[in-house]
Amino acid sequence: MNLTIIAYLEMSALLPWLQSSYRTGRSSETAVLKVLSDILLCIDAGDLSVLVLLDLSAAFDTVDHHILLQRLEREFVQTGSSTSSPALILSGVPQGSVVGPILFLFYTADLLLLTEGHGLCPHLYADDTQVYGLCHSFIHS
């Protein structure tokens, strides 16, 4: 991963806070621990929780470029004085590329807002998403 891109995005607060992949100090383990901790706190309080695990199949291949370009507006990649030749691709980001995972994070960033807007708790790790809801039970022992 290009550390210059990641450092810029971190400094500019452009990466979703609840995205644990491709970032220093955030891994699949930290994602699991955050979700597990929230669910255990809910259970300890005598409340209910539901967890849904989403794994996008061929996630990078599903990226709609019109939506991605709206998120990026006028961004482009340039190395020194060289730029790559444009190619017409209607969906997907290059798998195995340095910038592909970052483009995917931008593409899915609104998923956090959508789930939080419905009172749910999201946590993302690359193309995997955990969405969980907490419900206060009416009967406490």
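Mentor: Start with S49. This is a predicted model, and S49 has a relative accessibility of 25% in it.

Trainee: Why is S49 called partly exposed?

Mentor: Buried needs under 20%, and exposed needs over 50%. S49 has 25%, so S49 counts as partly exposed.

Trainee: Where is S49 found, and what does S49 touch?

Mentor: S49 is found in strand β1. Leaving out residues up to four places away in sequence, S49 touches I39, C42, I43, G133 and L134. The C-alpha atoms of S49 and I39 are separated by 6.4 Å. Along the chain, that pair is 10 residues apart.

Trainee: G133 is on that list. How do you know whether G133 is buried or exposed?

Mentor: The relative accessible area of G133 is 16%. The limit for buried is under 20%, so G133 is buried. G133 is found in strand β3. Apart from neighbours within four places in sequence, G133 is in contact with L48, S49, V50 and L120.

Trainee: Which residues of α2 are buried?

Mentor: A31, V35, D38, I39 and C42 are buried.

Trainee: What puts them on the same side of α2?

Mentor: The arc they cover around the axis is only 90 degrees, so they sit on the same side of α2. On the other side, E29, L33, L41 and D44 are exposed. The cover over the buried residues of α2 includes β1 (48-55), β2 (121-125) and β3 (128-135). Just after α2, G46 takes a positive phi of about 85 degrees.

Trainee: What makes K34 and D38 a salt bridge?

Mentor: Their closest N and O atoms are 2.5 Å apart. The rule asks for a Lys or Arg side-chain nitrogen within 4 Å of an Asp or Glu carboxyl oxygen, so the pair qualifies. By this rule the count comes to one salt bridge.

Trainee: Why are K34 and D38 said to be separated by about one helical turn?

Mentor: They are four residues apart in helix α2, which means a separation of about one turn. K34 has 28% relative accessibility. That lies between the cut-offs of 20% and 50%, so K34 counts as partly exposed.

Trainee: Why is V32 called exposed?

Mentor: V32 lies in helix α2. Its relative accessibility is 53%. Exposed means over 50%, so V32 counts as exposed.

Trainee: Which residues make a nonpolar surface patch with V32?

Mentor: L36, L40 and I43 make the patch together with V32. Its area is about 360 Å².

Trainee: Take H123. How do you know whether H123 is buried or exposed?

Mentor: H123 is found in strand β2. Its relative accessibility is 4%. The limit for buried is under 20%, so H123 counts as buried. Beyond residues up to four places away in sequence, H123 touches L18, S20, A31, K34, V35, D128, T129 and Q130.

Trainee: And T115, buried or exposed?

Mentor: T115 lies in helix α4 (residues 100-117). At 9% relative accessible area, against a limit of under 20%, T115 is buried. Not counting residues up to four places away in sequence, T115 touches L120, P122 and V131.

Trainee: How many helices and strands does the protein have, and in what order?

Mentor: There are four helices and three strands. From the N terminus on, the order is α-α-β-α-α-β-β. Of the 141 residues, 31% count as buried. The protein exposes about 9600 Å², with 63% of that supplied by carbon and sulfur atoms.

Terms used
Residues numbered from 1 in each chain as written. Predicted model: local features only at pLDDT ≥ 70, side-chain atom pairs only at ≥ 80, totals over all residues. Heavy atoms only, no water. Patch = residues over 30% accessible without salt bridge, like charges linked within 9 Å, V, L, I, M, F, W, Y side chains within 5 Å. Areas by Shrake-Rupley, 256 points an atom, 1.4 Å probe, with all protein chains shown as cover. Helix = DSSP H or I, 4+ residues; strand = E, 2+ residues; numbered from the N terminus. Buried < 20%, exposed > 50% of the residue type's maximum accessible area, 1.4 Å probe, protein only. Arc of directions from axis to C-beta. Contact = heavy atoms within 4.5 Å.
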